[in-house]
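Let's go through this one with a few questions and answers. Have a look at the model and follow along.

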Amino acid sequence: MTGQEPLLTVGFNRLKACRHGWMLYNVNDIYIGRSLDLYGEYSEGEIALFRQFLRPGDVVVEVGANIGTHTVFFAKTVGPTGVVFAFEPQRVVHQTLCANIALNSLSNTYCIQAAIGEKDGWIVAPLLDYSSPNNFGGVSLGGSRAGEHVRMMTLEGMQSDQCRLIKVDVEGMEKEALLGAARWIEKFRPILYVENDRPEKSAELITHILGLGYRLYWHVPALFQAENYFKNETNVFGNIVSLNMLCIDAALRWDIQGLAEVRGPEDRWQDVALRAG
């Protein structure tokens with residue numbers, strides 16, 4: 001096996017010491033699990049961006065936390081005076097998220113098995129076979145009648161006196177999640193980091209965030225980076241990237257370097273290369 005040997009393997013779960021701490025992951029997960037297994041990290045390009053503006057004492061909301069690859073980093077970065085609210089609706093994935101927070105002794109993190117949406121209610125999470133290869137970080141909710149009913153909620157009932165970052169990765173339900181966070185966004189004007197990888201929903205999502213009074217920037221980090229934690233030079237992901245937008249309150253005159261601004265609802269990340277050329 002390339003990379004560090006696991007401390008423990010039980011069924012589909014494997015435990016390794018990774019870049020940001022101990023990580024339990026599903027060896028059948030074709031992106032997150034495979035990346036942790038081979039490289040000891042996942043989407044480190046996103047974390048490099050978060051390092052630039054997160055500070056001790058900050059409050060972070062992570063909508064779609066999955067198994068906690070970013071949650072562990074957030075919790076360690078904001079420290080004991082900060083707070084992380086990590087929402088993950090898939091029951092088995094949520095169990096792994098809780099395990100990773102416990103393994104790293106992170107008492108500042110609240111792991112909540114729920115989806116964030118426009119209103120309180122219930123949504124169906126499909127039943128998956130976690131013992132077979134799949135992209136468990138790419139599961140859309142509400143598309144099937146069969147599955148487990150999972151709580152859907154807004155951030156309305158969550159208590160906080162500030163919020164620095166809301167990260168949203170919910171497979172096509174990004175706008176709904178932002179609607180569920182509307183009061184927090186209006187009150188705290190946090191940085192938003194929002195996945196935008198569904199072309200059919202992109203224009204509507206961009207329009208919504210622009211309407212909140214934000215400036216948007218494309219952030220398209222590669223899954224593989226040569227300087228990975230396990231020093232594994234073999235790139236199994238090729239040119240696969242994550243498609244996200246960094247969104248900053250337009251009233252803040254930040255000088256964003258190295259990221260192309262989203263010009264309007266019809267803008268696509270592919271247009272960045274054409275403009276640069």
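Two strands pair if DSSP finds at least two bridges between them; helices (H or I, at least four residues) and strands (E, at least two) are DSSP runs numbered from the N terminus. This is a predicted model, where local features need pLDDT of at least 70, side-chain atom pairs count only at pLDDT 80 or more, and totals for chains, interfaces and linings use all residues. Residues are numbered from 1 along each chain as its sequence is written, and side-chain values use heavy atoms, with hydrogens and water left out.

Q: Which residue of E9 is the bridge partner of Ile 116?
A: E7 pairs with E9 (residues 148–153) in the parallel sense, over two bridges. Within E9, the partner of Ile 116 is Met 153.

Q: What is the strand order in the open sheet of three strands?
A: Pairing in this sheet is mixed. E7 (115–116) and E8 (121–125) each have a single partner strand, so they stand at the edges. That gives the order E7-E9-E8.

Q: Which residue in E3 does Asn 13 stand opposite?
A: E2 (residues 13–18) and E3 run antiparallel, joined by six bridges. They form a hairpin with two residues between them. Opposite Asn 13 stands Asn 26.

Q: How many disulfides does the structure hold?
A: A disulfide here is a pair of cysteine sulfur atoms within 2.5 Å. The sulfur of Cys 18 is 17 Å from the closest cysteine sulfur, in Cys 111, too far for a bond. For Cys 111 the closest is in Cys 98 at 4.4 Å, also too far. The count is zero.
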